[in-house]
Amino acid sequence: MRIAFVTSCLEPGRDGVGDYTSLLAEECAHRGHIVTRIALNDGHAGEVIEAEGLMRLPSSLGWDERCARARRRLEDFSPDWVSLQFVAFGFHPRGLVGRIASHVLALLIGWPVHVFLHELWLGEECGAAWKHRVLGWMQRRGLLAILRALDVRVVHTSNSAYVQLLRGHGIPAGRLPLFGSLPLPVLEKPRDTDSLTFVFFGTLHPVWPPEPLFTHLRTLRRSITLCHLGEIGAGATLWERLENEWGRDFNFLRGRHLSPQAIADIFAAADFGVATTPWALIGKSASVAAMLDCGLPVIVNRDDVQYAGLPDEPAETPLLMKMSANLPAQLSAAQRQPPKLRKLEVVDQFLTDWEAVRPQ
């Protein structure tokens with residue numbers, strides 16, 4: 001098949017959705033499919049970048065010109081279907097995509113479309129601030145306008161909460177798990193029972209709560225290292241504050257510029273990962289997906305996002321641990337699993353779900 005992947009940004013290592021899209025396209029190509037990738041709003045491209053199987057359109061270009069160039073690229077490629085890997089904030093700083101709905105329609109009309117929604121809209125959770133509710137209403141209108149205007153055959157998202165929200169608006173979505181972007185580790189965990197290492201990976205949300213997790217860890221009375229790997233984003237200030245407040249209890253480390261292989265090997269040497277995404281949305285965390293691929297048990301200490309009428313999302317693997325009041329017992333019972341690239345299984349499902357609705 002000929003598959004065109006369309007997303008917002010394709011700068012390697014700087015955009016999680018872009019990296020996921022590239023790996024997905026790479027695996028499809030490895031299986032004999034012909035692929036091309038198009039970035040429609042690439043803030044890291046200073047000019048139009050074109051190569052075999054790739055087009056990156058800078059956000060500095062007007063939408064009319066970007067869509068005209070991308071349309072010509074798609075017409076020349078003549079895809080059997082288009083996979084739109086979509087996150088609203090990749091197209092607008094506040095996630096307002098209503099104004100580009102007509103551009104997306106003009107770009108993709110004529111081809112059957114698959115959509116992967118990496119995020120939905122704000123303000124749907126219980127107790128959301130009114131500003132988030134208003135902004136979310138605007139985000140939702142724009143997103144639903146795009147979905148209803150295109151010839152969408154398959155809609156995927158990464159967690160069951162999003163699936164239920166979409167179905168509530170008449171969008172028959174299904175869940176497609178994320179996979180990690182790291183290679184498998186080449187090292188094994190050393191045998192050391194005197195200390196524990198907990199790793200954080202990627203963006204640290206500024207609202208991430210250290211308590212009561214840190215108090216639980218202090219009761220273990222062992223040497224504990226807290227290590228952050230990768231780009232920390234807006235959480236840098238929080239990490240500095242945590243180090244100042246808890247530096248006497250724990251060792252704090254940062255690994256800023258490490259290769260993917262080095263990060264995977266640190267995961268292999270660590271004892272636990274720590275997620276900063278809420279439990280209800282844990283499926284959308286690419287950082288957690290990478291930890292799970294490496295067989296690392298992951299503690300989820302946030303449960304502050306809940307949706308009315310939606311059941312608690314069960315763990316997809318024993319490696320995911322929703323923190324309880326008896327965290328020490330959870331840590332003692334946790335067991336690593338052999339590293340495994342889940343990308344192969346996810347791409348199997350990705351292609352199978354499309355084949356089920358593929359135009360004949």
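A residue counts as buried under 20% relative accessible area, as exposed over 50%, and as partly exposed in between (1.4 Å probe, protein chains only). The model on screen is predicted, so local features need pLDDT of at least 70 and side-chain atom pairs count only at pLDDT 80 or more, while totals for chains, interfaces and linings use all residues. Residues are numbered from 1 along each chain as its sequence is written, and side-chain values use heavy atoms, with hydrogens and water left out.

Begin by selecting Lys 322 and Asp 303, whose side chains meet in a salt bridge at 3.1 Å, N to O (a side-chain nitrogen of Lys or Arg within 4 Å of a carboxyl oxygen of Asp or Glu). Lys 322 lies in strand E14 (residues 320-322) and Asp 303 in the loop between strand E13 (298-300) and E14, so this pair ties together parts that are 19 residues apart in sequence; helices (H or I, at least four residues) and strands (E, at least two) are DSSP runs numbered from the N terminus. Asp 303 is partly exposed, with a relative accessible area of 32%, and Lys 322, at 28%, is partly exposed too.

Next, select helix H7 (residues 236-246), where Glu 245 and Arg 241 lie four residues apart, about one turn of the helix. Their side chains form a salt bridge at 3.5 Å, N to O, with Glu 245 partly exposed at 49% and Arg 241 partly exposed at 39%.

Then move to Lys 340 and Glu 345, which are joined by a salt bridge at 2.5 Å, N to O. Finally, select Arg 175, Asp 293, Glu 316 and Arg 342, which salt bridges with shared partners join into one network.
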